[in-house]
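Hello,

Here is the structure we discussed. My notes follow below it.

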Amino acid sequence: MNEIRWHGRGGQGAKTASQILAQINLREGKFVQSFPEFGPERSGAPMRAYNRISDEEIRVHSAVYSPDIAVVVDETLLEAERPWEGLKEGGTLVVNTSCSAKEIRGRTGYGGRIVALDADRIARAAGTGFANIPMLGAVAAVLGTPWELVEEEVRETMGERISRDMLTKNIAALRTAYETAKGASDG
Amino acid sequence: MRKVMTGHKAVAEAMRQIEPDVVAVYPITPQSEIAEYYAQYVHDGVVHSELVPVESEHSAMSACVGAAAAGARVMTATSSQGLALMVEVLYIAAGMRLPIVMALANRSLSAPINIHCDHADAYLARDAGAFQIFCESAQEAYDYTLIAQRIAEHDKVRIPGIVNLDGFTLTHTSQVVEPLEDEAAKKFVGPLKALYPLLDVDHPVSAGTFAMPDYYFELKRAQAAAIEEVANVFLKVQQDYASLAGRRYAGFIEPYRMDDAERAVVVMGSTAGTAKVAVDGLRKKGEKVGVLKVWLYRPFPYAEVAQALATVQAAAILDRAFSFGAMGALYSDVAAALAHSERRPTLANYIYGLGGRDVTVDQILQAFAELKEARPETRLRYLGLRE
């Protein structure tokens with residue numbers, strides 16, 4: 001079973017990314033859970049969301065304390081939330097940052113694998129402005145999910161909610177982040 | 001087809017397929033999304049239900065009583081304080097023998113105010129005369145909503161039914177659910193056969209009548225017989241559903257790795273799943289442990305619980321609410337079930353998970369570890385509490 005913990009701020013779309021990821025994993029034939037940290041939802045306040053992905057039925061219903069992947073959607077939470085804490089041995093810290101993985105290692109002291117990508121810049125370049133979709137692409141790449149499934153699901157889910165133009169831009173951001181994370185060297 | 005959906009959506013989907021004539025509902029966290037989904041279905045013309053957006057839960061249940069007495073198929077949903085406000089009228093619904101099915105998104109009761117999960121609301125309605133089912137997953141919440149509708153509307157039952165699903169833990173968690181096709185679900189539930197409907201003006205009846213000491217007792221005895229009858233109907237309907245949907249549902253309780261278990265936890269709701277994970281871990285280490293999950297809480301399956309625990313040496317009964325001034329409510333039922341058994345385990349009673357306190361595998365492991373030293377006692381123990 002893979003467990004993922006997302007760290008973001010209310011309004012950044014970490015919960016949405018977590019839900020889309022669950023649907024992507026379902027396409028792979030997996031059992032999934034996706035849930036936010038239950039509590040008051042306030043724009044800008046630190047929040048967490050969780051995923052579980054498994055080949056077998058998922059029965060546990062607690063929060064995730066020892067994730068395989070910790071995802072930092074908002075870099076300002078890096079020091080405040082210490083999101084690498086509890087990561088399983090062999091786990092991965094995925095950070096939205098303009099710093100290199102090496103610099104993140106210096107700031108956190110985390111000894112495991114670090115994937116650093118500038119999801120904000122990717123989102124701006126693509127014209128979407130939201131880092132959650134590129135971060136979703138990065139996490140899917142870290143999980144080794146085939147690109148076709150990622151694209152299919154995002155097209156289907158987001159296609160219902162946004163314009164065709166905005167969808168194309170989001171797919172571009174998703175793809176860039178997916179490829180960046182796939183080829184990321186560990187700092 | 002397997003889909004990812006929240007517990008809310010799973011319940012709303014079952015309601016859409018049942019398509020009651022009337023849904024009277026008032027929003028309250030963590031139930032609100034069920035009402036919102038259903039309102040959307042009504043707005044979109046997906047269902048032809050009369051949605052009554054009442055001004056309180058007291059009114060919601062009152063509207064349900066009126067509509068059900070008139071001969072309509074009726075559903076509602078609530079949580080916590082909403083149920084507290086409904087309870088007065090829920091007793092009336094049961095006494096009038098009205099088959100109103102409701103989802104209860106389990107949430108703690110105030111004060112202090114808290115929107116998160118425990119079972120205080122379900123326990124509050126315990127003696128109202130509704131049958132109660134507890135669900136482990138969103139899949140079960142979907143399945144048992146359909147099953148409850150059939151049970152409630154059975155000729156020999158005709159009482160309200162409550163389908164419990166843990167607030168947030170099930171309602172707000174997206175998980176894999178495999179619903180039935182619409183046609184299969186509709187066929188399974190079947191049409192409502194209205195009994196003595198008030199709107200049948202050719203056959204006028206009185207409903208909600210006065211009963212003095214000369215008849216009240218007998219009428220209440222008849223109501224007791226009706227909820228006892230749920231047990232028979234439950235098994236039949238559950239079996240029908242299991243073969244239709246391909247689920248392994250069989251009985252009022254679900255024993256998990258209980259065959260040679262020396263220690264067991266008895267539990268209701270989503271924690272049963274977490275307990276199964278704890279049991280799998282301990283079994284790998286060679287420990288003989290199991291879980292007894294209670295699906296049907298009211299009427300309580302005394303004989304089945306006693307039998308399932310007969311060969312166990314020690315059992316922890318997990319209550320997700322206080323019954324202030326007494327042992328936990330589930331514990332009291334299990335103890336009563338075992339009162340006449342020659343072979344019975346030493347019992348421990350744990351209060352856990354109040355107000356949404358996260359329930360972890362480690363907490364269940366703690367209960368199993370403490371059961372090794374179980375001694376006869378009448379006191380409450382706690383899981384996940386800072387003292």
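Val72(A) has Val95(A) as its bridge partner in β5(A). The strands behind this are β4 (69-72) and β5 (92-96) of chain A, which pair in the parallel sense over four bridges. Pairing here requires at least two bridges found by DSSP. Helices (H or I, at least four residues) and strands (E, at least two) are DSSP runs, numbered from the N terminus.

This is a predicted model: local features need pLDDT of at least 70, side-chain atom pairs count only at pLDDT 80 or more, and totals for chains, interfaces and linings use all residues. Residues are numbered from 1 along each chain as its sequence is written, while chains are lettered from A and ligands numbered from 1 in the order in which they are written.

Helix α5 (132-143) of chain A lies across β1 (2-9), β4, β5 and β6 of chain A. It runs at about 160 degrees to β5(A). Axes are lines fitted to C-alpha atoms, for helices over the stretch in contact; angles run from 0 to 180 degrees between N-to-C directions.

The sheet is open and mixed, with eight strands: β6(A)-β5(A)-β4(A)-β1(A)-β3(A)-β2(A)-β8(B)-β1(B). β6 (113-117) of chain A and β1 (3-5) of chain B each have a single partner strand, so one side of each lacks a neighbour in the sheet.

The chains join at β2(A) (31-36) and β8(B), antiparallel over two bridges. Gln33(A) stands opposite Gln175(B).

In total, 21 residues of chain B are in contact (C-beta atoms, placed from the backbone, within 7 Å) with 16 of chain A. α9(B) gives the most to chain B's side, with five residues.

Best wishes

Note on methods. Two residues are in contact if their C-beta atoms, placed from the backbone, lie within 7 Å.
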